[in-house]
Amino acid sequence: QVQLVESGGGLVQPGGSLRLSCAASGRTFRSLGMGWFRQAPGKEREFVAAISGSGGRPLYADSVKGRFSISRDNAKNTVYLQMNSLKPEDTAAYYCAARTVDASSRESEYDYWGQGTQVTVSS
């Protein structure tokens with residue numbers, strides 16, 4: 001089983017930035033497509049960003065395109081989500097997920113999930 005641990009969440013003012021990290025173990029990291037999802041209270045979990053094992057095909061939700069950036073460091077078995085120009089509507093629990101083939105925006109195509117890290121955007 002792949003183990004995923006998120007970190008980097010916290011409280012930030014509107015317009016601020018945060019960088020989330022997800023450390024993976026239990027499987028060859030470069031073979032995993034990685035994604036970020038988020039879930040706000042009372043709402044369904046939604047796709048945020050994804051990246052292939054090689055890092056060559058990043059995907060973004062329209063709501064975060066131009067503000068968020070996903071990247072990975074295969075030597076460190078870690079994927080990152082750089083979040084800039086944060087808005088109150090970005091407030092949610094952010095989850096890291098992994099699949100064994102490639103990047104995907106579909107929640108059902110991911111096999112492994114981390115515990116989540118809370119991001120709160122408020123003045």
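Colleague: Is Arg 38 buried or exposed, by its relative accessibility?
Modeller: This is a predicted model, in which local features need pLDDT of at least 70 and side-chain atom pairs count only at pLDDT 80 or more, while totals for chains, interfaces and linings use all residues. Residues are numbered from 1 along each chain as its sequence is written, and side-chain values use heavy atoms, with hydrogens and water left out. Buried means under 20% relative accessible area, exposed over 50%, and partly exposed in between, for a 1.4 Å probe and protein chains only. Arg 38 has 5% relative accessibility, so the residue counts as buried.

Colleague: Which residue is the bridge partner of Arg 38 in strand 5?
Modeller: Two strands pair if DSSP finds at least two bridges between them. Strand 4 and strand 5 pair in the antiparallel sense over 5 bridges. The side chain of Arg 38 also meets that of Glu 46 in a salt bridge of 2.8 Å, N to O. The strand 5 partner of Arg 38 is Glu 46.

Colleague: Which residues are linked with Arg 38 in a network of salt bridges?
Modeller: Side chains of opposite charge can pair when their charged atoms come close. In the whole structure, 6 salt bridges are found. Arg 38 is linked in a network with Glu 46, Arg 67 and Asp 90.

Colleague: Which residue in the turn between strand 4 and strand 5 has a positive phi?
Modeller: Strand 4 and strand 5 form a hairpin with 6 residues between them. Strand 5 is mostly covered, since 5 of its 6 residues are buried. The turn residue with a positive phi, about 80°, is Gly 42.

Colleague: Which residues does Ala 92 touch, not counting those up to four places away in sequence?
Modeller: Ala 92 is found in strand 9. At 3% relative accessibility, it counts as buried. Contact means heavy atoms within 4.5 Å. By that rule Ala 92 touches Arg 38, Gln 39, Ala 40, Thr 117, Gln 118 and Val 119.

Colleague: How far from the side chain of Glu 109 is the side chain of Ser 104 in their polar contact?
Modeller: Ser 104 is found in the loop between strand 9 and strand 10 (112-113), and it counts as buried because its relative accessibility is 6%. A polar contact is a pair of N or O atoms within 3.5 Å; within protein, one must be able to donate a hydrogen and the other to accept it, and residues adjacent in sequence count only if both atoms are side-chain atoms. A polar atom of the Ser 104 side chain lies 3.1 Å from the backbone nitrogen of Arg 106. The polar contact of Ser 104 with the side chain of Glu 109 is at 2.6 Å.

Colleague: Is the disulfide of Cys 22 and Cys 96 left-handed or right-handed, by the torsion about its S-S bond?
Modeller: A disulfide is taken as a pair of cysteine sulfur atoms within 2.5 Å. The sulfur atoms of Cys 22 and Cys 96 are 2.1 Å apart. The pair links distant parts of the chain, with Cys 22 in strand 3 and Cys 96 in strand 9. The torsion is about -80°, so the disulfide is left-handed.

Colleague: How many residues does the largest nonpolar core have?
Modeller: A nonpolar core is a set of buried Ala, Val, Leu, Ile, Met, Phe, Trp, Tyr and Cys residues joined through side-chain atoms within 4.5 Å. Those with the most contacts inside the largest one include Trp 36, Leu 81 and Tyr 94. Its number of residues is 36.

Key: Helix = DSSP H or I, 4+ residues; strand = E, 2+ residues; numbered from the N terminus. Salt bridge = Lys/Arg side-chain N within 4 Å of Asp/Glu carboxyl O.
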